[in-house]
Amino acid sequence: MPESSPETHVIDFRAAEQLLAARDPRGAIRLLDSVIAAHPENTAARLLRARSFFLAAQLRPAELEFQIVLEREPDNAFAHFALGRTLERANRPEEALRHFRLAAALEPRPEFIEAARFARDSGNGDHASDRPAGDPE
């Protein structure tokens with residue numbers, strides 16, 4: 001196996017992004033494991049690995065990675081939203097709702113507001129539905 005260097009870690013990170021985009025989360029996780037082992041402080045790599053765990057239906061590892069990201073970046077709206085989706089899939093709706101609401105408060109994107117179940121007037125008297133959205137991506 002070739003020796004790891006900062007350059008190979010960047011290449012592995014970019015390749016992991018491509019694998020995740022191609023819906024190969026397990027391949028992305030394999031690449032990111034070495035990146036994070038060498039650079040445990042790299043929040044971007046941890047967020048990408050958390051997303052990969054989520055898409056691989058590895059909910060507990062995804063939850064742990066999202067929590068690490070949020071310890072470092074408590075104002076990361078996407079990480080709150082994605083942790084909410086992870087908890088929702090793990091059948092922990094009360095905990096999920098807390099993170100959905102934090103995400104919506106930090107960044108009022110429509111999908112965050114909808115997941116947070118905040119009543120939102122759509123202009124015709126209807127309110128946003130309570131149905132959950134799909135993957136955190």
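Biologist: Why is Arg 109 called partly exposed?

Modeller: Its relative accessible area is 32%, and partly exposed lies between buried, under 20%, and exposed, over 50% (1.4 Å probe, protein chains only). This is a predicted model, where local features need pLDDT of at least 70 and side-chain atom pairs pLDDT 80 or more, while totals for chains, interfaces and linings use all residues. Residues are numbered from 1 along each chain as its sequence is written, and side-chain values use heavy atoms, without hydrogens and water.

Biologist: What makes Arg 109 and Glu 107 a salt bridge?

Modeller: A side-chain nitrogen of Lys or Arg must lie within 4 Å of a carboxyl oxygen of Asp or Glu; for Arg 109 and Glu 107 the N to O distance is 3.4 Å, so the pair qualifies. Glu 107, at 32% relative accessibility, is also partly exposed.

Biologist: And how do you know that Asp 33 and Arg 49 form a salt bridge?

Modeller: Their closest N and O atoms are 2.7 Å apart. This pair links distant parts of the chain, with Asp 33 in helix α2 (residues 25-38) and Arg 49 in helix α3, 16 residues apart. Asp 33 counts as partly exposed at 34% relative accessibility, whereas Arg 49 counts as buried at 12%.

Biologist: What separates Arg 85 and Glu 88 in helix α5?

Modeller: About one helical turn, because they are three residues apart in that helix. Their side chains meet in a salt bridge at 2.8 Å, N to O. Arg 85 is buried, with a relative accessible area of 1%, while Glu 88 is partly exposed at 23%.

Technical notes: Helices (H or I, at least four residues) and strands (E, at least two) are DSSP runs, numbered from the N terminus.
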